[in-house]
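This report describes the fold-level properties of one protein model and then turns to selected residues. Please read it alongside the sequence and coordinates shown below.

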Amino acid sequence: MTKEQFIEACEKAGLILNQTQIEQFETYLRLLQEWNEKMNLTSITEATEIWEKHFYDSVMPFKDVKGVSLCDVGTGAGFPGIPVAIAYPDMKVTLVEPLQKRCRFLEAIKSALHLDVTICNQRAEDFAQEHREQFDIVTSRAVARMTILLELCAPLVKVGGTFVALKGKNGLEELRQAKLAMDTLHVSLQSEDHVQVQEAQHIVFYLQKEKACPKKYPRNYGQIKKKPLGERS
């Protein structure tokens, strides 16, 4: 996908980008490639793949989501949070990333693109203890399977808010395995969508928070990983 194809695809979906936003994406792409030569940020380095697999794949799931505040858990090199902040500038975006070197990259992106985003260098479970039910939208991409992801993310979502899970080919099976986790954390599937990225079809799950999560969640990550909610240990 070229830059022009990205712009056209966004327009077809009802997302009209202005020149400033396009320039922000271009700068992001350039800095991602430059920094990736010094540290491992992404295995996707070709410009055409970045436009499609990082930028398009990040912005499309949020074109119809309502909310003012968004938290991206385990954002890594900034996906989907930075593209969301560019494409939807009215959204107040918080990025949570445990690795300090990646946070340095995110700070450089924030400065270069003049973005009003908050960057938190914390583990997700620690951040969740301090920011329970503070966000309209919480999302995560390529961090963990659903049983683990739900425990890290659901406590951050306001009651009535939305957890947006960006998943690959195993998404439906992960969702099936996460039934007990969803019940325990009081979230329910509202809808799902698909984003076609080259030969792969990615699945986006939209889950609504029905009531507050029990306060014992999230547990520490060692416990979450050893005994994920609903999975046999």
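Among contacts between residues at least 6 apart in sequence, 67% join residues at least 24 apart, where contact means heavy atoms within 4.5 Å. The structure is a predicted model, in which local features need pLDDT of at least 70, side-chain atom pairs count only at pLDDT 80 or more, and totals for chains, interfaces and linings use all residues. Residues are numbered from 1 along each chain as its sequence is written, and side-chain values use heavy atoms, with hydrogens and water left out.

**Overall architecture**

The protein has 10 helices and seven strands; helices (H or I, at least four residues) and strands (E, at least two) are DSSP runs numbered from the N terminus. The radius of gyration is 17 Å, close to the 17 Å that the globule rule gives for 233 residues, so the protein is as compact as a globular protein of that length. The radius is taken over C-alpha atoms, and the rule is 2.2 Å times the number of residues to the power 0.38. Along the principal axes, the C-alpha atoms fill a box of roughly 45 × 35 × 30 Å.

Of the 233 residues, 55% are buried. Buried means under 20% relative accessible area, exposed means over 50%, and partly exposed lies in between (1.4 Å probe, protein chains only). The accessible surface comes to about 10,900 Å², and carbon and sulfur atoms account for 46% of that area; the areas come from the Shrake-Rupley method with a 1.4 Å probe, and for residues only the protein chains shown count as cover.

The protein carries 30 positive and 31 negative side chains, and the centres of the two sets lie 9 Å apart. In this count Lys and Arg are positive and Asp and Glu negative, while His and the chain ends are not counted. Each charge is placed at NZ of Lys, CZ of Arg, CG of Asp or CD of Glu.

**Buried helical positions**

Helix H7 (residues 146-153) is largely enclosed by the rest of the structure, because eight of its eight residues are buried. Among them are Met146, Glu151 and Cys153. In helix H2 (residues 19-36) lies Gln24, which is buried with a relative accessible area of 13%. Leaving aside neighbours within four places in sequence, Gln24 is in contact with Ile86, Leu113 and Leu115.

**Side chains that meet the backbone**

Asp136 belongs to strand E4 (residues 135-141) and is buried, with a relative accessible area of 18%. Not counting residues up to four places away in sequence, Asp136 touches Gly67, Val68, Ser69, Val157, Lys158, Gly161 and Thr162.

Asn121 lies in the loop between strand E3 (117-120) and helix H6 and is partly exposed, with a relative accessible area of 37%. Beyond its neighbours within four places in sequence, Asn121 is in contact with Glu97, Pro98, Leu99, Gln100 and Cys103. The side chain of Asn121 reaches the backbone oxygens of Glu97 and Pro98. Asn121 and Gln21 are 100 residues apart in sequence and 26 Å apart in space, C-alpha to C-alpha.

The table lists polar contacts (a pair of N or O atoms within 3.5 Å; within protein, one must be able to donate a hydrogen and the other to accept it, and residues adjacent in sequence count only if both atoms are side-chain atoms).

| Side chain | Backbone atom | Distance |
|---|---|---|
| Asn121 | oxygen of Glu97 | 3.1 Å |
| Asn121 | oxygen of Pro98 | 2.9 Å |

**Backbone geometry in loops**

A cis peptide bond joins Phe79 and Pro80, with omega about 5 degrees; Pro80 lies in the loop between strand E1 (69-73) and helix H4 (81-87). The peptide bond from Tyr217 to Pro218 is also cis, with omega near 5 degrees, and Pro218 sits in the loop between strand E7 (200-209) and helix H10 (221-226).

Glu133, although not a glycine, has a positive phi of about 55 degrees. Glu133 is found in the loop between helix H6 (124-130) and strand E4 and is partly exposed, with a relative accessible area of 29%. His186 likewise has a positive phi, near 65 degrees, and is placed in the loop between helix H9 (179-185) and strand E6 (187-197).
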